[in-house]
Amino acid sequence: MDKIYFIAKKELLTYFKSPIAYITLVLSISIFNVFFFIIIDQNREVSLRDVFHVMEFMFLFLVPIMTMRLFSEEKSSGTMEFLMTAPVTNMAIVLGKYLGVLVFFSILLSFTLIYFAIIEFFGSPDRATVVSGYIGVWLEGAFFIAVGMMTSSWTRNQIIAAMMSYVILFLLYFLINFTKYFSGEAETLIQYMSTLTHLEHFIVGVITVGDLVYYLSGIFICIVFTRLSIENRMFK
Amino acid sequence: MIITKNISKNFGSFQALSDVSFEINKGEIVGFLGTNGAGKTTLMRILTSFLPASTGTVLIDGIDTAKHSLITRKKIGYLPETPPLYLNMTVKDYLKFAAEIKGIPAKNRRRQFDSVMAECQLEHMAGKTIATLSKGYKQRVGIAQAIIHEPKLLILDEPTSGLDPIQNLQVRNLIKNLKDQRTVIISTHILSEIEHIAQRVLMIKSGKIIIDESLDSLMRSYSIDGNNSKGNSQSREMNLEDIFIHHHSDKNKDQENDDMDSSVVNHNG
């Protein structure tokens, strides 16, 4: 466990030693702020429902930028050899890195809690719905990060890693639009695979076992594939 | 300390190592010699558990590296050909991370850190970002991470490659000081390095070990005692470079009985 913590700590330190962390934070929060005020001004309701939708869409673009360097950089700089010859398990390396980005993502998301405070100050929002919405956005971000980490483990080129993340995430996001071409079980399956379906439930205040299983199993599968990928030394 | 038995490594259809077997005793300083692409780095990566062997076994202190790599990795300090450095970290942060990840207990980390900083003469560089260091200092930081957990076995892959003569001398002196306490494997194609540091030579060619001898015995066995091309009598010993070129020259391979070979009359290997 302590090795996971050390690797996560190092990842977080690396983020804040590079401009990526600050650019990501400033860019995201600025965009969220703009959309928050536009949405509140237009809707005139004490709800973060549409803000969560914007966050989800923005994380499609931002998460691959956060995750693209995770393993690609280690491979291209030669530090993968340092990590993988140290007395630490491959799973600890994967979990440590995952945890590092997840903490960074959580810090980013925590900055948006100010919106909750603002609508709380000016009205009486449904607190349970806001909380479940935040849980949904956090889980979705955690899933996106797992996808991004997995693609980063496939290549030593950060740009290619980001591109592969975009392909997978956009596919998952826009999958719901293809349901009209299918019927029956195929339609249900496509609906279940789409990230939009699941976050929508959280945003309206409904947390179901199916939605939790979707995100948690997605994270688990990506972590396992990442481990398998780094165990396959053919990348050298 | 190390026993390798019939190690082979294939990358697809390419065979990087073929049936490599040797033993290295505790405290020995062994030089892996070979041209680029001979298989030195692959062999080192297998010893450090970075790569699995296609066939064969590696035992370190009697422990199979394929089955118990977490135990054997604790015994090994490894400096890859490219120093594995996080360039945006400071020397202090990097070595602290190396100490943590290599499992040094918290109470000993400070002592170990101070010790390697002194040993590698990095004290005045602690707060510097690694990216700003010279190549020689980067190499020292690489060596520092390799020895921070006091490994019994030190594996150095071309540690002086690309350094200027002064940096080369400094790193070589550093390695000389390290060898007193450990078993050291050093890979290089800089032959003078082996002559200065190693006691034994493993020469690798096309993934096979072609020479496994102590340096003294190797020098003795390749003495020149005969006539040169002008018919003048001469008697001298070949240096390691001559032996290396002799074994890697296609001309010599094709013309086993030419001038060069006819003068190597006392080869006992």
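**Close-up views of a predicted two-chain model**

**Figure 1. Strand 3 of chain B and strand 8 (residues 183–188) of chain B run parallel and are joined by 5 bridges.** The view is taken from a predicted model. Within this pairing, B:Leu33 has B:Thr188 of strand 8 of chain B as its bridge partner. Strand 3 of chain B also runs parallel to strand 9 (residues 200–205) of chain B, and 4 bridges join these two. Here the residue that stands opposite B:Leu33 is B:Met203 of strand 9 of chain B. Strands of a sheet pair through backbone hydrogen bonds, either parallel or antiparallel.

**Figure 2. Strand 3 of chain B, which spans residues 29–33, is mostly covered.** Of its 5 residues, 5 are buried. Which residues of strand 3 of chain B point one way, and which the other way? B:Ile29, B:Gly31 and B:Leu33 point one way, whereas B:Val30 and B:Phe32 point the other way. All of these residues are buried. In a regular strand the side chains alternate between the two faces of the sheet.

**Figure 3. Four strands of chain B form an open sheet with antiparallel pairing.** The order of the strands in this sheet is 2-1-4-5. Strand 2 (14–24) and strand 5 (63–64) of chain B stand at the edges; each has a single partner strand, so one side of each is left without a neighbour in the sheet. Strand 2 of chain B pairs with strand 1 (residues 2–11) of chain B in the antiparallel sense, over 7 bridges. Within this part of the sheet, B:Ile7 stands opposite B:Val20 in strand 2 of chain B.

**Figure 4. Chain A has 12 helices and 0 strands.** From the N terminus on, its elements accordingly read α-α-α-α-α-α-α-α-α-α-α-α. The radius of gyration of chain A is 19 Å, close to the 18 Å that the globule rule gives for 236 residues, so chain A is as compact as a globular protein of that length. Along the principal axes, the C-alpha atoms of chain A fill a box of roughly 55 × 45 × 30 Å. Of the 236 residues in chain A, 40% are buried. Among contacts in chain A between residues at least 6 apart in sequence, 77% join residues at least 24 apart.

**Figure 5. Chain B and chain A meet in a contact that takes 22 residues from chain B and 19 residues from chain A.** Helix 2 (69–75) and helix 3 of chain B each supply at least two residues of the side of chain B that touches chain A. Helix 3 of chain B gives the largest share of this side, namely 4 residues. By type, the residues of the side of chain B that touches chain A divide into 11 nonpolar, 6 polar and 5 charged. The model as a whole scores ipTM 0.85 and pTM 0.85.

**Figure 6. B:Ile101, found in helix 3 of chain B, touches residues of chain A.** Which residues does B:Ile101 touch, not counting residues up to four places away in sequence? They are A:Lys3, A:Phe6, A:Ile7, A:Ala86 and A:Val88. Why does B:Ile101 count as buried? B:Ile101 has 24 C-beta neighbours inside 10 Å, and a residue is buried if 20 or more other C-beta atoms lie within that distance. Within chain B, B:Ile101 and B:His149 are 48 residues apart in sequence and 9.9 Å apart in space, C-alpha to C-alpha.

**Figure 7. The largest nonpolar core has 125 residues.** The residues with the most contacts inside this core are A:Val101, A:Ile145, A:Ala146, B:Tyr94, B:Ala144 and B:Ile155. Helix 8 (residues 127–152) of chain A gives the most to this core, with 12 residues. B:Ala144 touches B:Leu95, B:Val116, B:Cys120 and B:Leu122, not counting residues up to four places away in sequence. In soluble globular proteins, nonpolar side chains tend to be buried together.

**Figure 8. The mean pLDDT of chain B is 82, and 84% of its residues reach 70 or more.** The pLDDT is below 50 over residues 226–236 of chain B, a stretch that has 11 contacts in the model beyond near neighbours in sequence. It is also below 50 over residues 254–269 of chain B, and this second stretch has 22 such contacts.

Key:
Residues are numbered from 1 along each chain as its sequence is written. Chains are lettered from A and ligands numbered from 1 in the order in which they are written. This is a predicted model: local features need pLDDT of at least 70, side-chain atom pairs count only at pLDDT 80 or more; totals for chains, interfaces and linings use all residues. The radius of gyration is taken over C-alpha atoms; the globule rule is 2.2 Å times the number of residues to the power 0.38. A residue is buried if 20 or more other C-beta atoms lie within 10 Å of its own, exposed if 12 or fewer, and partly exposed in between; C-beta atoms are placed from the backbone. Two residues are in contact if their C-beta atoms, placed from the backbone, lie within 7 Å. Two strands pair if DSSP finds at least two bridges between them. pLDDT is the predictor's confidence in each residue, from 0 to 100. Ala, Val, Leu, Ile, Met, Phe, Trp, Tyr, Cys and Pro count as nonpolar, Asp, Glu, Lys and Arg as charged, and the others, Gly among them, as polar. A nonpolar core is a set of buried Ala, Val, Leu, Ile, Met, Phe, Trp, Tyr and Cys residues joined through C-beta atoms within 7 Å.
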